[in-house]
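Hello,

I am handing over the structure we talked about, so please open it and keep it beside you while you read. My notes on what was found follow below.

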Amino acid sequence: MSSTFHVRGGRPLDGEITVRGAKNLVSKAMVAALLGEEPSVLHSVPDIRDVQIVSDLLAIHGVKVERDVVGGAIRMDPSNVERAHATEIDAHAGSSRIPILFCGPLLHRLGEAIIPDLGGCRIGDRPINYHLDVLRSFGAVVDKREMGIYITAPSGLQGTTIALEYPSVGATEQVLLTAVRAQGVTVLSNAAVEPEIEDLISVLQKMGALITVQTDRTIIIEGVDRLGGYEHVALPDRIEAGSWACAALATKGSVLVRGAQQKPMSTFLNTFRKIGGGMDITEAGIRFYHPGTPLRAIAVETDVHPGLMTDWQQPLVVALTQADGISIVHETVYENRLGFTSALNDMGAHIQVYRECLGGSSCRFGRRNYNHSAVISGPKPLHGAEITVPDLRGGFSYLVAALGAEGVSSIHGIDLIDRGYEQFRDKLTALGADFWED
Ligand code: EPU
């Protein structure tokens, strides 16, 4: 049974922490290692549960994984890739959606792949239809069975032309990881171009892949017969950096996030500045701080890159409960990523959610039954409450709210945060937070 995490809020976070490689690149770069015929080494790997899940999944497929947790290096030797049983995959995948991205590499290496029931955060339906359509387009045969989905490629995988209905991050990665060793050329239009995808492309290029990104979100991949290994330093986790930035704002504190980089965070930094947050950008990292003057309300919407990332939305909403006036947040990436706001209202916030597209353009969730716009009236002092972590980012935002609230909050299910926030307990201690677990 998971412990309860107690936070006595109301004191500013003050100090410095370091972010290492991005969860949403590291897991994919680890899958890419399966495609190589030589070992790969990835650096700046964070100590988070998702990395352990991918390591275990690689290991049950015969990849020799050696990990230096403290130094953050992982070496993967895929010389003996082998089949794994569905029950084994299921047991190791836990609640992760990562097995879906093993399909392309496993089809190339073994001619078959199995996807068990997929988990991931409950932030919408999170279907896998784009992934299956992509695999079919390369010539894979998808067979839904009782134990999961069984995929084969009886005639090998051939380059293809794919136009994504929506620039899905996962579907773009699926195309990249499959096309690099498919026969012939693949043209992917309406691709996602997140910095984590650019970094995955750099990894694949080091392995010998031929990938061209055009200015119009079209990616052209020329399949090659053989890929080698890579050595790569993962780009830093901009979601984690933005989450700590919001914690600095919500607690009226000052946090130097070592490793945070300006360029991939540019949209976040603009938003942070519009709210009135202070920042010092240096080579070593970014210091985020509350300026001591009232924060300003804003209207923002989440979007695919270069828009404001959906993963920044939840901690940002907590910071906006302390801004002066009415803020509007329009979530356009996931249809169900505002459910966490009801617990913030229990803590004293004033947030109303709406089905309509508010504050900006209309999105694909408009006129449907999804509460995907939030109106936040502030500033409202928050007070401690008993809360349960709903998903990874929602969970961290509850932590931010608890740190900024007067009194004690008791948070259940805190272990979910270990999926994506490296050693957050040590970081909270370094920043002077008052918390304990029982
Ligand atoms: N979608 C479909 N069908 C599909 C796949 C996606 O309809 O087959 C929809 C989704 O339901 C969603 C939209 O497309 O509405 C975008 O989903 P996307 O595929 O871009 O997301 P993802 O690849 O599943 C990754 C990150 C998420 C991050 C999103 C958007 C990983 C492991 N996950 O998810 O990160 O929010 O991209 O940037 O890379 C997190 O880190 O907490 C997290 C949820």
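The centres of domain 1 and domain 2, taken over C-alpha atoms, are 31 Å apart in this predicted model. Domain 1 is made of two stretches, 4–19 + 236–437, while domain 2 covers 158–223. Where they meet, eight residues of domain 1 are in contact with seven residues of domain 2.

What classes of residue make up the lining of the second largest pocket? Six are nonpolar, five are polar and four are charged.

One residue from that list is worth a second look. His-305 is joined to Pro-306 by a cis peptide bond, with omega at about 10°. Pro-306 sits in the loop between strand S18 (299–301) and H10. You can find another cis bond from Gly-378 to Pro-379, where omega is near 0°. In that case the proline is in the loop between strand S21 (373–378) and strand S22 (386–388).

As background for these bonds and for the angles that come next, most peptide bonds are trans, and most residues other than glycine have a negative phi. Ser-44 is not a glycine, yet its phi is positive, about 65°. Look for Ser-44 in the loop between strand S3 (40–43) and helix H2 (49–60). Lys-252, again a residue other than glycine, has a positive phi near 60°. The loop that holds Lys-252 runs between helix H8 (238–250) and strand S14 (254–258). Is Lys-252 buried or exposed? Its relative accessible area is 56%, so Lys-252 counts as exposed.

Now go back to H10, which spans residues 310–320 and includes Thr-310. Thr-310 is buried because its relative accessible area is 7%, and the cut-off for buried is under 20%. Leaving out residues up to four places away in sequence, Thr-310 touches Thr-302, Glu-331, Val-333, Tyr-334 and Arg-337. With Arg-337 there is also a polar contact of 2.7 Å between the two side chains.

Next, please turn to helix H4. Why is H4 described as largely enclosed by the rest of the structure? Seven of its eight residues are buried, so the rest of the structure largely encloses H4. The buried ones are Cys-103, Gly-104, Pro-105, Leu-106, Leu-107, His-108 and Leu-110. They pack against helix H1 (23–32), S6, helix H5 (129–137), strand S8 (148–152) and helix H6 (169–179). After H4 comes Gly-111, with a positive phi near 85°.

Not counting residues up to four places away in sequence, His-108 touches Leu-35, Leu-157, Leu-177, Thr-178, Arg-181 and Ala-182. A polar atom of the His-108 side chain is 2.8 Å from the backbone oxygen of Thr-178.

Searching the whole structure gives one cavity of 30 Å³ or more, and the largest cavity has a volume of about 50 Å³. Its lining consists of His-61, Arg-83, Ala-84, Ile-89, Leu-106, Leu-110, Glu-112, Ala-113 and Ile-114. Helix H4 (103–110) and strand S6 (112–115) are the elements that give two or more residues to this lining, with the largest share, three residues, from S6. By class, six lining residues of the largest cavity are nonpolar, one is polar and two are charged.

Enjoy exploring, and write back with any questions.

Best wishes

Terms used
Residues numbered from 1 in each chain as written. Predicted model: local features only at pLDDT ≥ 70, side-chain atom pairs only at ≥ 80, totals over all residues. Heavy atoms only, no water. 1 Å grid on protein atoms, 1.4 Å probe; cavity = no way out; pocket = protein on both sides within 12 Å on 5 of 7 lines; lining within 4 Å. Points joined across faces, edges and corners; volume = space filled by probe spheres on them. Helix = DSSP H or I, 4+ residues; strand = E, 2+ residues; numbered from the N terminus. Nonpolar A, V, L, I, M, F, W, Y, C, P; charged D, E, K, R; others polar. Polar contact = N/O pair within 3.5 Å; in protein donor to acceptor, adjacent residues only side chain to side chain. Contact = heavy atoms within 4.5 Å. Domains from an automatic or database assignment. Buried < 20%, exposed > 50% of the residue type's maximum accessible area, 1.4 Å probe, protein only.
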